[in-house]
Each structure stands twice: as C-alpha cells, then as structure tokens.
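Reader: I am new to reading protein models. Can you take me through one, feature by feature?

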Amino acid sequence: MYWMGLTLFLLFGLMKTSNSNNSRPVHCKERKECFNYELICEISGYEVRHYKASRWIATNVTSFFMEFASYEGFTKLFHYIQGKNEEGKKIDMTAPVLLKIPENERIMEIKNYTIHILLPSIYYENPPTPIDSDVYFIDLPEMYVFVKSFGGWLLTWNSKFYSSRLRAQLSKADRKFVSGYYYGAGYNSPMTLVDRHNEVWYIAEGTPVCSTSDPDLAI
C-alpha cells in the first residue's frame, strides 16, 4: 500500500514547475510556483495561515486506502498537465499536491478523496480544457487555515496521527474549524530524502484571532 504512495511522489518528482502576492513558503524549494500564503501566527505547534482565492485542477477517487486514491488521482492529473488536454499544452508542476481526506476513523471503509494540483497563475483565467471527463477545475475561496507540519512521506498513518493531534489542539483552544474532512499537502519529490515537508490542514470558520496574551504565540 505504501509503495503506491511512493509511486505517486515519483511521478510528482518528474515535473518542474509564480503565484505571487503572498510570501513564497520557505519549504517551496522544488517548484517555480507554489500556493503562497500569509503567516498570521504560530501557536502551540501549529500555524494560522491566510490564503487568497485559488484555482486548481482536481479529480475524485473512491477507495479503501488513501495511497491508492492518491496514486490513481494524481496519475489523471499528471496526464492532464503533461498534455492530455484539448490544446495539447504541457503545464508546469506546482506545489503542494493537495489531498482532501474524509475524517473517518474506520479503516476498512470506502472513502471519497479529492486530489488537487494548483494551476499556474498564467492559466487561472483560461486553462486548457481537460479531455478526461473525470478531471475538472475547482475554485477554492479565500480562507484561513490551521496547519500542522511534519516530515517523511504523506501516508495514511501519519496524516491520521497529525490531523488527530491538530484537531485535539484546536478543540482544546476552542478554535472553530470545518469538520468532516481535512487536507493533506505534500511538497517534495521522492528524490528528496532529507528535509521533507508535509502538512495537514483544517479550514477555519471565520477569521481566527491570534491573541498577544497567549504564552505560546511565536509570531
């Protein structure tokens, strides 16, 4: 199962990729364009970020396992950016690869996952039309996000572990966030063996407030 996840990132690593306005993430080291954000603050081991509205290419996959869904979904998106579109255009790879993960504690149950790749900013207004009917465009609105980062590979066990820790921290701090799903974000090529960067995200409800009186406030 985990080899499927590694294969996903092998495909990810074959491609190169400017989404400006916000600051370029310090962990955006392998692509020309990443999903930039404004860091609002860092508290108790997680970050509060602000993202502007964005446009992505996406596909849905139903599977028992996140690794299988990631592989199948990413392969479809990989074909699109490699020229499987009506214009036959090759599109630069961006980061992160974003995976919408159902917040379901049952392991042996079919789940619906959504895999996303950020469209380069030059294609926001007029992206090439997909040939595959399973591939579509999705616009994510402006949003505030709670983020916990970790190393290694983005897999079922660690995404579940870190999302559970983040959810517990947010609940303890009485933070309001969207439940029912979270996002996993992977930034690195498989050839990167050290200093890897992955994240889990919960979308905030409303505008989070970072109190200067919090002893754990980092920024």
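Reader: Which residues of α2 are buried?
Author: A residue counts as buried when its relative accessible area is under 20%. This is a predicted model, so read each value as computed from it. In α2 the buried residues are Met66, Glu67, Ala69, Ser70, Gly73, Phe74, Thr75, Lys76, Leu77, Phe78, Tyr80 and Ile81. That is twelve of its 16 residues, so the helix is largely enclosed by the rest of the structure.

Reader: What comes just after α2?
Author: Look at glycine 83. Its phi is positive, about 120°.

Reader: Which residues other than glycine have a positive phi here?
Author: Start with the general idea. Most residues other than glycine have a negative phi. Now two cases from this model. Serine 44 has a phi near 50°. It sits in the loop between β1 and β2. Aspartate 174 has a phi of about 60°. Its place is the loop between α3 and β8.

Reader: Is serine 44 buried, partly exposed or exposed, and what about aspartate 174?
Author: Read the relative accessibility. Serine 44 has 31%, so it counts as partly exposed. Aspartate 174 has 55%, so it counts as exposed.

Reader: Where is the cis peptide bond, and what is its omega?
Author: Again, the general idea comes before the case. Most peptide bonds are trans. Here the bond from alanine 95 to proline 96 is cis, and its omega is near 0°. Proline 96 belongs to the loop between α2 and β4.

Reader: Let us turn to strands. How many residues of strand β5 are buried?
Author: Seven of its eight residues are. The strand runs over residues 111-118, and with that count it is largely enclosed by the rest of the structure.

Reader: Which way do β3 and β5 run, parallel or antiparallel?
Author: They run antiparallel, with eight bridges joining them. Strand β3 covers residues 54-63. To find a pair in the model, go to serine 63, which stands opposite lysine 111 of β5.

Reader: How many bridges link β4 to β5?
Author: Four, and this pairing is antiparallel too. Strand β4 takes in residues 97-102. Here you can find leucine 98, whose bridge partner in β5 is histidine 116.

Reader: How do side chains point along a strand?
Author: In a regular strand they alternate between the two faces of the sheet.

Reader: Is serine 54 buried or exposed?
Author: Its relative accessibility is 4%, so serine 54 counts as buried.

Reader: What does serine 54 touch beyond its sequence neighbours?
Author: Leave out residues up to four places away in sequence. Then serine 54 touches Phe35, Leu118, Tyr124, Ile138, Asp139 and Leu140. Take phenylalanine 35 from that list. It is 19 residues from serine 54 in sequence, and their C-alpha atoms are 8.3 Å apart. There is also a polar contact: the side chain of serine 54 meets the side chain of tryptophan 56 at 2.7 Å.

Reader: Now the cysteines. How many disulfides are there?
Author: A disulfide is a covalent bond between the sulfur atoms of two cysteines. The count here is two. Number the bonded cysteines in sequence order, and the pairing reads 1-2, 3-4.

Reader: What is the link of cysteine 28 and cysteine 34 like, right-handed or left-handed?
Author: It is right-handed, with 80° about the S-S bond. The two sulfur atoms of cysteine 28 and cysteine 34 are 1.8 Å apart. Cysteine 28 and cysteine 34 are both buried.

Reader: Why is the disulfide of cysteine 41 and cysteine 210 left-handed?
Author: The torsion about its S-S bond is about -60°, so the disulfide is left-handed. Cysteine 41 lies in strand β1 and cysteine 210 in the segment after β9, so the pair ties together parts that are 169 residues apart in sequence. The sulfur atoms of cysteine 41 and cysteine 210 are 1.9 Å apart.

Reader: Which accessibility class does each of these two cysteines fall in?
Author: Cysteine 41 has 0% relative accessibility, so it counts as buried. Cysteine 210 has 21%, so it counts as partly exposed.

Notes. Residues numbered from 1 in each chain as written. Predicted model: local features only at pLDDT ≥ 70, side-chain atom pairs only at ≥ 80, totals over all residues. Heavy atoms only, no water. Disulfide = S-S within 2.5 Å. Buried < 20%, exposed > 50% of the residue type's maximum accessible area, 1.4 Å probe, protein only. Helix = DSSP H or I, 4+ residues; strand = E, 2+ residues; numbered from the N terminus. Pairing = 2+ DSSP bridges. Contact = heavy atoms within 4.5 Å. Polar contact = N/O pair within 3.5 Å; in protein donor to acceptor, adjacent residues only side chain to side chain.
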